[in-house]
Amino acid sequence: MNDLCTDIGYISLAKYGEQLCGDHVDIIHKDDGTTVVVLADGLGSGVKACILSTLTSKIISSMINNGMSIEECNATIAATLPVCSERQLAYSTFTVFHSLLQSEEVEIIQFDNPFVILLREGEFFEFPKTKIEIQEKIIYCSRIPVQEGDIFILMSDGAVHAGVGKILNFGWKREDIIQYMKPLSVVGYTAKTLTRILIDECSRLYEEKPRDDTTVCTIRIRKREPMNLLIGPPSNKDDDIKMMSLFFSKAGKHIICGGTTAKIASEYLQKPVIPSFNYIDPAIPPVGHIEGVDLVTEGVITINRVLQYAQNYLTDNDFFADWNFKKDAASLISCMLFEEATDINFFVGKAVNPAHQNPDLPITFSIKMQLIDELVLCLEQMGKRIKVSYF
Amino acid sequence: MIIVICIGSSCHLKGAQRVVEKLQMLVIENQLENKVILNGSFCMGNCTKGVCVQIGEMIYSVSPESVETFFQNEVLHAVQR
């Protein structure tokens with residue numbers, strides 16, 4: 001059993017003036033660790049293109065996921081896609097990325113999108129393609145072994161056309177994109193961040209007014225990284241030891257949130273809690289330290305901030321520079337959960353802190369539970385595997 | 001003398017950070033760096049009375065506004081004695 005997994009990030013820009021994007025990315029994660037990503041670009045723009053690409057990506061991802069061949073997918077698409085009344089065509093390009101990480105391989109199937117870019121150890125890596133023809137379509141298939149750190153960049157043609165006739169005469173060529181991304185690929189950025197950097201550059205070249213739907217999807221092959229977060233004492237005091245022993249028996253890093261919770265952990269480990277006065281961000285209580293725990297923080301206020309960062313991460317991510325560099329408790333947790341971790345175990349204690357049930361304080365019990373629920377939802381949207389246990 | 005200030009959630013919301021800053025300042029102003037040690041603590045279990053500040057066995061309820069009075073009455077007197 002190997003421990004590789006995929007870190008996937010994608011962003012689409014709609015053509016200037018359109019509300020809908022005519023590109024679509026569909027991702028299916030299976031429990032056995034295989035992942036199917038399909039990037040489709042529908043003919044034209046707006047609603048019509050959006051329908052074509054959504055249908056195409058959904059059909060292909062579900063069929064591939066269920067073990068059907070590309071020939072069968074193609075036949076289904078041909079039979080299903082509505083024909084454009086203007087052009088008498090039913091057309092959508094697609095790129096399929098199918099990770100078979102059990103065998104440390106990926107399968108890539110490409111039809112009419114710019115070719116997938118593979119960056120390995122900071123260099124461009126040309127992988128072999130087999131050309132096949134299905135119903136007059138030329139499709140390129142590849143099956144390649146992967147290694148940790150490999151970065152695959154999937155694009156719609158909007159990315160390579162960025163700047164055509166405006167800032168650049170012939171647009172941004174695939175070669176230019178390779179040169180642009182090469183140095184960035186070794187920094188250790190997540191797929192989401194790499195995607196953001198590339199799409200921002202495309203948008204800049206278009207002078208913020210994309211003349212075509214533009215989509216970038218970055219897939220990074222990385223190692224699984226488990227992470228464990230404990231918050232709140234158990235509702236029954238007798239469960240203290242049970243909760244602690246389960247928590248500390250898990251592989252990976254350990255984060256403890258909450259003052260009382262930290263005390264219970266400190267008793268369990270027989271190591272003192274050493275708090276600090278290091279107020280890096282005056283709104284966030286400082287971190288503490290317990291030997292054997294990777295991070296000790298305050299509970300609700302800190303997690304509330306982490307949730308804000310998580311929600312922002314899934315939208316425009318403009319707080320990235322804050323949490324990625326600052327060293328306050330909420331930023332540290334954000335880095336560990338959003339960037340480092342792939343599998344996160346939450347240990348949530350349901351004890352009610354009587355002192356927090358004061359109407360003057362915005363930290364009631366129900367708020368704590370709500371924070372955790374929302375945070376879990378955000379992390380799942382980031383593609384993390386989450387397990388929550390209540391005590 | 002060791003002064004322990006609670007920096008748990010509840011006390012934080014009631015201004016623990018400002019209490020810490022003011023105490024640090026007062027210690028320096030009164031040149032008590034060698035006599036007074038400031039320590040933090042996660043929740044002391046007395047959240048309703050926050051911000052909790054502990055000297056020896058006694059737990060005092062201090063607010064950012066009352067820090068100076070607290071310092072005069074409880075710290076300066078004890079140290080100068």
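This is a predicted model: local features need pLDDT of at least 70, side-chain atom pairs count only at pLDDT 80 or more; totals for chains, interfaces and linings use all residues.
1. As background, side chains of opposite charge can pair when their charged atoms come close. Over all chains, the count of salt bridges comes to 15.

2. Now the interface. How many salt bridges does the rule find across the interface of chain B and chain A? It finds 0 there. What the interface does have is 4 residue pairs in polar contact between chain B and chain A, with both residues at pLDDT 80 or more. The area buried between the two chains is about 1,800 Å², and carbon and sulfur atoms give 73% of it.

3. Who takes part? Chain B puts 21 residues into the contact and chain A puts in 28 residues. On the side of chain B that touches chain A, helix H1 (9–13), helix H2 (16–29) and strand E2 (37–41) of chain B each supply at least two residues. Sorted by class, that side of chain B has 10 nonpolar, 10 polar and 1 charged residues.

4. Next, a helix pair inside chain A. Two packed helices are described by the angle between their axes and the distance between the axes. For helix H6 (residues 240–248) and helix H7 (residues 259–269) of chain A, the angle is about 80° and the axes are 10 Å apart. Angles of 65 to 115 degrees count as roughly perpendicular, so H6(A) is roughly perpendicular to H7(A).

5. The residues behind that packing are worth a look. H6(A) brings A:Asp240, A:Ile241, A:Met244, A:Ser245 and A:Phe248 to the contact, while H7(A) brings A:Thr261, A:Ile264, A:Ala265, A:Tyr268 and A:Leu269. By class, the contact of H6(A) with H7(A) counts 7 nonpolar, 2 polar and 1 charged residues.

6. Last, a couple of backbone angles to check. Most residues other than glycine have a negative phi. A:Asp112 has a positive phi, near 65°, and lies in the loop between strand E5 (105–111) and strand E6 (117–120) of chain A. A:Glu207 also has a positive phi, near 55°. Where is A:Glu207 found? Look in the loop between helix H5 (191–205) and E11 of chain A.

Conventions:
Residues are numbered from 1 along each chain as its sequence is written. Chains are lettered from A and ligands numbered from 1 in the order in which they are written. Side-chain values use heavy atoms; hydrogens and water are left out. Axes are lines fitted to C-alpha atoms, for helices over the stretch in contact, and angles run from 0 to 180 degrees between N-to-C directions. Helices (H or I, at least four residues) and strands (E, at least two) are DSSP runs, numbered from the N terminus. Angles under 35 degrees count as roughly parallel, over 145 as roughly antiparallel, 65 to 115 as roughly perpendicular and the rest as oblique. Contact means heavy atoms within 4.5 Å. Ala, Val, Leu, Ile, Met, Phe, Trp, Tyr, Cys and Pro count as nonpolar, Asp, Glu, Lys and Arg as charged, and the others, Gly among them, as polar. Buried area is the accessible area (1.4 Å probe) that two parts lose on being put together, summed over both. A salt bridge is a side-chain nitrogen of Lys or Arg within 4 Å of a carboxyl oxygen of Asp or Glu. A polar contact is a pair of N or O atoms within 3.5 Å; within protein, one must be able to donate a hydrogen and the other to accept it, and residues adjacent in sequence count only if both atoms are side-chain atoms.
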